[in-house]
Amino acid sequence: MEFDERCLKVQEPKFDCLLFDLDDTLYPLSSGISSHVKTNIEAYMIEKLGIDESKIENLGNLLYKNYGTTMAGLRAIGYNFDYDEYHSFVHGRLPYDNIKPDPVLKQILKNMRIRKLIFTNGDMIHAVRALKRLGLEDCFEGIICFETLNPPCLLTPCDQAPEIFDIAGHFAGLGSADDLPRTPVLCKPNVGAMEAALRIANVNPYKIFFDDSVRNIQAGKRIGLHTVLVGTSQRVKGADHALESIHNIREALPELWEEAEKAEDVLYADRVAIETSVTA
Ligand SMILES: [Mg+2]
């Protein structure tokens, strides 16, 4: 009976997987990477899509706000471009040296005997590069990224919409967000993207989701995740915890270590029991 109870504890932990956003979550906003990303996206819109420079700021804000990423919004309103080319333009020239190795975080992650996955809207090349700079490339079971949720771009020139949807005019005319064209791009905080990530991570409700974006955290909460907002100690609606830095995981979530230690104790006890029965 005692043995069954111990087994039950191992099979039903409170948490079984941690999902981590990457940018501005595993490294700080102060690296300046996200402001370079914004600048590069704006350059792409002007140079590659021919959008008037005077419209960029307002358009970028509207797309980001309504579609999760500017790229998802650009595709929704009718622009056609190659996803790989976009990512290489936006991420290829980032100052990755600004991301510093983080041996403290590496030790924290290594000590957490629980499945860990990256869940980012970024592309795989960017994710791998950033993780390598942090020295965390061997700390995660896998990376759920842009390519995981979006099939290869097989667009042809005729896929370009005959007319670009005027999103600024739509809102200026008091149009509703519900009437916006849909995007083919799946990304956070879209609930479909969150659910797809959970399926890939092997569905189970006992997951913790770390992200620096309030709207991503709120989307995570809507689908039942335990949520940790990173980058601020101010909790918001939808966040179960708020951490100024990812380094504070242990203080905010001591149960993670308790679960791991309990599981380890049971495994150790079983191992001793098996070894004893073999030698007896
Ligand atoms: Mg982020």
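Among contacts in the chain between residues at least 6 apart in sequence, 68% join residues at least 24 apart, a contact being a pair of residues whose C-beta atoms, placed from the backbone, lie within 7 Å. The model is predicted, and local features were considered at pLDDT of at least 70, side-chain atom pairs at pLDDT 80 or more, and totals for chains, interfaces and linings over all residues. Residues are numbered from 1 along each chain as its sequence is written.

The mean pLDDT (the predictor's confidence in each residue, from 0 to 100) of the chain is 86, and 83% of its residues reach 70 or more. Confidence is lowest in helix 1 (residues 2-11), with a mean of 47, and highest in helix 7 (residues 124-134), at 98. Residues 3-11 have pLDDT below 50, and this stretch makes six contacts beyond near neighbours in sequence. Residues 271-280 also fall below 50, with zero such contacts in the model.

The secondary structure comprises 13 helices and six strands; these are DSSP runs, numbered from the N terminus, with helices being H or I of at least four residues and strands E of at least two. Buried residues account for 31% of the 280 residues in the chain. A residue is buried if 20 or more other C-beta atoms lie within 10 Å of its own, exposed if 12 or fewer, and partly exposed in between.

In helix 10 (residues 191-200), the buried residues are Ala-193, Met-194, Ala-197 and Leu-198. They lie on the same side of helix 10 because they cover an arc of only 140° around the axis, taken from the directions from the helix axis to the C-beta atoms. The face turned away from this buried side carries the exposed residues Val-191, Gly-192 and Arg-199. Packing partners of the buried residues of helix 10 include strand 1 (17-20), strand 2 (115-119) and helix 11 (214-222). Asn-202, which follows helix 10, has a positive phi, near 80°.

The largest nonpolar core has 57 residues, of which Leu-19, Phe-20, Ala-197, Phe-210 and Val-228 touch the most other members. Such a core is a set of buried Ala, Val, Leu, Ile, Met, Phe, Trp, Tyr and Cys residues joined through C-beta atoms within 7 Å. Apart from residues up to four places away in sequence, Val-228 touches residues including Ile-208, Phe-210 and Leu-243.

Asn-111 lies in helix 6 (residues 103-111). Asn-111 is exposed because 11 other C-beta atoms lie within 10 Å. Asn-111 and Trp-257, 146 residues apart in sequence, are 8.3 Å apart in space, C-alpha to C-alpha.

Notes. Two residues are in contact if their C-beta atoms, placed from the backbone, lie within 7 Å.
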